[in-house]
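Here's a quick briefing to read alongside the model. Take a look at the fold before going through the points.

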Amino acid sequence: MADKNIVVIMGGRSSEHEVSLISAATVIENINTDKYNIVMIGITKDGQWKLVDSLDRVKDGSWVKSHTRAYISPDTDRKELCLIRGDRVETVDIDVVFPVLHGMNGEDGTLQGLLELAHIPYVGCGVLASACSMDKFYTKIIVDSIGIRQAKFVGVRRSELRDMDEVIARVEKEIPYPVFVKPSKAGSSQGVSKASDRDQLVAALELAAQHDTKILVEETIVGRELECAVLGGADVRASGVGEVLAADEFYSYEAKYNNAESKTVVGPVLPEGKEEEIRENAMAIFKALDGYGLSRVDFFLTNDTNEVVFNEINTLPGFTAISMYPMLWEAKGLDKKALIQELIDLAMVRYDG
């Protein structure tokens with residue numbers, strides 16, 4: 001038996017629950033079991049924490065029926081997982097946590113805050129970077145401060161939709177149609193739509209408001225969709241660049257996960273100097289947001305001028321079969337097992353430092 005316990009947390013209450021489970025299965029399969037005993041915790045869609053007793057139950061979804069509840073103690077003196085089996089409570093020491101949670105209530109700094117309270121090492125970005133990167137509106141404010149080009153935007157609060165005419169007028173004053181409308185904190189393109197006129201904009205705002213209290217309306221950038229993976233702590237490095245070839249008009253949730261025509265390409269042919277510009281920008285944005293461990297940074301390359309335009313950053317990118325983050329590092333010679341071990345090592349370096 002290994003002498004350290006790693007707790008992998010998956011599922012969650014966000015709209016990316018199912019994607020999280022697929023990512024978690026990949027992570028679990030690539031953890032070095034000579035070093036770590038793996039303890040799996042699933043969070044149901046209604047927020048119950050449960051012990052998952054096998055990888056098969058992750059894959060078939062039957063873990064939600066588990067009768068063993070699980071809690072992480074926030075007590076810094078304990079560093080333990082409490083398992084409740086009927087009227088008995090068992091405890092398991094925690095050496096490190098790998099949160100494989102996408103979206104709200106997992107990637108947004110909330111879980112990271114709990115782990116900071118408990119003083120437990122964990123993989124990935126801290127509270128500040130997680131919270132700011134999850135909120136696209138505040139990401140844009142920070143990226144503006146370092147002078148990197150991004151789409152023009154207007155922020156809208158859900159409460160402001162009571163005066164829809166005023167909101168529409170404000171958007172139309174700042175940005176020409178067509179525009180993209182996004183929930184500020186939703187992930188995997190959930191609740192995102194494109195609006196080409198006023199009626200479509202109203203419908204898009206109402207859809208986005210179902211996912212978040214803040215909404216981002218953005219200028220449409222016509223160009224290639226490119227992604228770059230960032231890895232590190234004090235020393236940060238960037239992978240090469242990958243390209244998304246969406247089967248839909250944009251890389252929606254359906255196009256991303258349910259349309260086999262969507263493709264990703266590692267190492268696409270780019271104009272001279274653009275790959276290095278994307279890599280440098282990705283690292284600069286990661287540092288500006290106080291990133292740590294890992295992130296995937298997304299860009300556009302405009303069709304008309306070959307201008308690099310920042311799109312968004314994901315602090316816990318997917319680890320599914322079609323996810324760009326691990327593919328980009330594999331292309332650099334870092335396979336999934338080595339990548340996951342490096343992420344765990346970085347978690348321990350931050351804790352020890």
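The notes below cover a strand and its partners, then one glutamate.

This is a predicted model, where local features need pLDDT of at least 70, side-chain atom pairs count only at pLDDT 80 or more, and totals for chains, interfaces and linings use all residues. Residues are numbered from 1 along each chain as its sequence is written, and side-chain values use heavy atoms, with hydrogens and water left out.

- Helices (H or I, at least four residues) and strands (E, at least two) are DSSP runs, numbered from the N terminus.
- Seven of the eight residues of strand 1 (residues 4–11) are buried, so the rest of the structure largely encloses it; buried means under 20% relative accessible area with a 1.4 Å probe, protein chains only.
- Strand 1 pairs with strand 2 (residues 36–43) in the parallel sense over eight bridges, and pairing takes at least two DSSP bridges between the strands.
- Ile6 sits opposite Ile38 of strand 2.
- On the other pairing, strand 1 runs parallel to strand 7 (residues 96–99) over four bridges, with Ile9 opposite Pro99.

**Glu243**

- You'll find Glu243 in strand 13 (residues 236–245), and it's buried, at a relative accessible area of 9%.
- Its side chain makes a 2.9 Å polar contact with the side chain of Arg224; such a contact is a pair of N or O atoms within 3.5 Å, and within protein one must be able to donate a hydrogen and the other to accept it, while residues adjacent in sequence count only if both atoms are side-chain atoms.

Conventions. Buried means under 20% relative accessible area, exposed over 50%, partly exposed in between (1.4 Å probe, protein chains only).
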